[in-house]
Amino acid sequence: MNLALMLLIASGICYALSFVFSLLSFGLIFKGLREHFRRPAFFLLRVGFLAATFYFAAEAVEHGYFLPVASFSQALAFLSWALAFVYLVLLSSVKTDSFSLVLSPLLTVFVSLAIVTAHLPVKTVPMTGNVYFVMHIASAFFAYAAFSLSFVASVLYLIGHHQLKSKQLSHSSQKMPSLEELEKLVYQSMVWGLLLLILAIGVGLIWSKTVYGHIWVSDAKTISTVLTGIVYGALIYLHYVSSFHGKRGVSLSVLAFLILLLSFVGPRFVQSSHHFVQ
Amino acid sequence: MGLFICGVSHHQCPIEIREKVYLSSEEILKIYQSLNHEQIEELVIVSTCNRSEFYGIFPSLDSATNFFTRIIQNFRGCNPREIEPCLYHYSDDAAVRHLYRVASGLDSMVVGENEILGQLREAFRVASDMGTAHSVLFRLFEKTLKIGKDVRTKTKINEGAVSVPSVALDLAQKIFNLSEEKVMVLGTGEMSLQICQGLKRAGAEIAYAAGRDFEKTRRFAMDFGAQPIVLGEWNEKLFETDILITSTSAQEPIVFRGEIQKQMEARKHRPLFIIDIALPRNVEPDVHTLEDVYLYNVDDLKQVAAENVKLRRREIQFAEELIDEAVISFKSWATQVEARPTLELLEEHIGRILEEELSKMGETLSEEQKAKLKDKIRSRILSAPLEKIKDASRQGITHRYLHALRSLFRLDEKMENTKQPERSL
């Protein structure tokens, strides 16, 4: 087992422990033990993020270049890293217990899948140092991260909505942001995600032209990503232009995220030029 | 001398008596100033609408209760016979436990309420400023404020609203940020008033008020800077409203599902929170089935409050466990304080023997060497007994060791000579 993989496993363990500690701090397991698990939950999330950062550094040292998406495993690891980065660094003001509770299992799943698929072959990509390629990868993965955060906010919104509707308010609802706040976060993250996705698609098309001499328009990944972008664009239009609010819009955003996941994983099973889609 | 608590509280004492016993801050200052003539080493007075308690170091329980009744009689003109049936007192460990329970909100009318901790902090501050809280009460209150905070952070004792207006506010905060939300009130009763006060404090705008009595409605609206409207026109303003409170005396519903459904479509599903505190209900119950409409009637609010009370009660056990640990810790400290005079005497006794024996050695050792040797021998002799006494203090059996020490080294005689004060805590 190489150092990079050990770091990735350490990251996954930290995320998993963070999830367990979040559950404990919410009193969802072992009712007697609670608040003092809150800080460790946040701390472990940070440590997991740090371990993942070192994982990419170790990978770069091992391969001699930095390409975090040369395999499906790396792509998942990079997605989880980008998600943790957006949450812990860019959106540090929205850090709440409830967010960590939903985010930590998501990160655990992504990293676990990355560990399980780590043995899959790595494809070499020409001109990895190309500025368009770097921009394409960075913007695409930060777009995925933003959409993932939007998804987390949507899940929390639906939980809060369900509790209010059923009039069964659990203890965990005490720690949740208001529905208004969550809805704002759902759409704000979505807007950032869409902008980054558009940038990723645009720059990616230029890169494919530069490297392969033709634009990858008919590529399965490109098509599914454009479709996902259209779905998110429609939701944003409905909310900001048509002033559409409430549960239905948020439920649709969950659906949009599932489409996004399909566009991320799906092309793996069809012929595609995208390198991690073997 | 010992630690005693004397007082009356909402548990046994009706409000009529509590009113008579209540001491204002000016009266408390006067009591502190008059303490010079009393045989009281330390005193902290806590007087709130729910309790009036004296925490102090008194010569005996009788002196503590007599002092309490005398002060209340002198300052409030209250007959001691009136107070006596509801007067309670605690001493030593029980007193510490009682104070910790008070600070944690376990002894409060609404379990887990936060106000009492602030009141205790203020009482402690005043007593400290007046110089009536020294070593024991200073330490005790410091620990009290800490345990009060710990219980609230480590348990859910203060979580969840437990009254109808606070539950309504809590729910509103789960839906909205309450920064610019508009509130409309139909019916301007006492409960509506309380809910509006809470919502306004939280940042909502009380925008419209409607009621059958227009003059009363106008006055209500003026208090909140709202616009008074005719009761029949409420639906025209619903589009702008985020929170609707209904409490009219209408015998039939006045808010119908069809109307709200139409409004929700026009509002493009902007959430609407309806608080129906009227009896009979003002809002058709199936309004709640509409998407993005949250309808809570008075029973729903009471149900949430009751659930929160249950939750708080479940937390009492955890809070008691924290208090148990804190009481043991304070007791250990107090026992060590109690043991100090005996240990000081023992230390002196050993020092004297060493001094005598070393002086017989003449000039063999320099003064510096003698002093070093003395310290070394003394610390080696004392380290094991001190450790043992520390352990014993945690088990509450220090007195056995202290008694043995005093008897073996005849320290009692020396104590008689020096007359060091002993304090039982």
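## Close-up views of a two-chain predicted model

View 1. In chain A, residues 24 or more positions apart account for 78% of the contacts with a separation of 6 or more, where a contact means heavy atoms within 4.5 Å. This is a predicted model, in which local features need pLDDT of at least 70, side-chain atom pairs count only at pLDDT 80 or more, and totals for chains, interfaces and linings use all residues. Residues are numbered from 1 along each chain as its sequence is written, chains are lettered from A and ligands numbered from 1 in the order in which they are written, and side-chain values use heavy atoms, with hydrogens and water left out. Chain A has 8 helices and 0 strands; helices (H or I, at least four residues) and strands (E, at least two) are DSSP runs, numbered from the N terminus. Of the 278 residues in chain A, 54% are buried. Here buried means under 20% relative accessible area, exposed means over 50%, and partly exposed lies in between, using a 1.4 Å probe and protein chains only. The accessible surface of chain A is about 11,900 Å², and 73% of that belongs to carbon and sulfur atoms. Such areas come from the Shrake-Rupley method with a 1.4 Å probe, and for residues only the protein chains shown count as cover.

View 2. Look for A:V131, A:Y132, A:M135, A:L199 and A:I206, which make a nonpolar surface patch of about 420 Å². The elements giving two or more residues to this patch are α5 (131–166) and α6 (179–212) of chain A. The largest share, 3 residues, comes from α5(A). A patch is made of residues with over 30% relative accessible area and no salt bridge; like charges are joined within 9 Å, and nonpolar side chains (Val, Leu, Ile, Met, Phe, Trp, Tyr) within 5 Å. Is A:V131 buried or exposed? This residue of helix α5 of chain A counts as exposed because its relative accessibility is 54%.

View 3. Chain B has 16 helices and 10 strands. Buried residues make up 50% of its 425 residues. Among contacts in chain B with a separation of 6 or more, 71% are between residues 24 or more positions apart. The accessible surface of chain B comes to about 20,700 Å², with 50% belonging to carbon and sulfur atoms.

**View 4. B:T65 meets residues from elsewhere in its chain.** Find B:T65 in helix α3 (residues 61–76) of chain B. With 13% relative accessibility, B:T65 counts as buried. Which residues does B:T65 touch, not counting residues up to four places away in sequence? They are B:C6, B:L87 and B:H89. B:T65 and B:F4 are 61 residues apart in sequence, while their C-alpha atoms are 9.0 Å apart in space.

**View 5. Two helices of chain B pack against each other.** Two packed helices are described by the angle between their axes and the distance between the axes. Helix α5 (residues 92–104) and helix α6 (residues 115–129) of chain B pack at an angle of about 125°, and their axes are 7 Å apart. That makes α5(B) oblique to α6(B). On the α5(B) side, the contact is made by B:L99, B:V102 and B:A103, and on the α6(B) side by B:I116, B:L117 and B:L120. Axes are lines fitted to C-alpha atoms, for helices over the stretch in contact, and angles run from 0 to 180 degrees between N-to-C directions. Angles under 35 degrees count as roughly parallel, over 145 as roughly antiparallel, 65 to 115 as roughly perpendicular, and the rest as oblique.

**View 6. A salt bridge crosses between the chains.** B:E291 forms a salt bridge with A:R248, and their closest N and O atoms are 3.2 Å apart. The pair runs from B:E291, in the loop between β9 (272–276) and β10 (293–297) of chain B, to A:R248 in helix α8 (residues 247–265) of chain A. A salt bridge is a side-chain nitrogen of Lys or Arg within 4 Å of a carboxyl oxygen of Asp or Glu. B:E291 is partly exposed at 25% relative accessibility, and A:R248 is partly exposed at 45%. A search of the whole structure finds 22 salt bridges over all chains.

**View 7. Another salt bridge sits within one helix.** B:D375 pairs with B:R378 in a salt bridge whose closest N and O atoms are 2.8 Å apart. The two are separated by about one helical turn because they are 3 residues apart in helix α14 (residues 367–395) of chain B.
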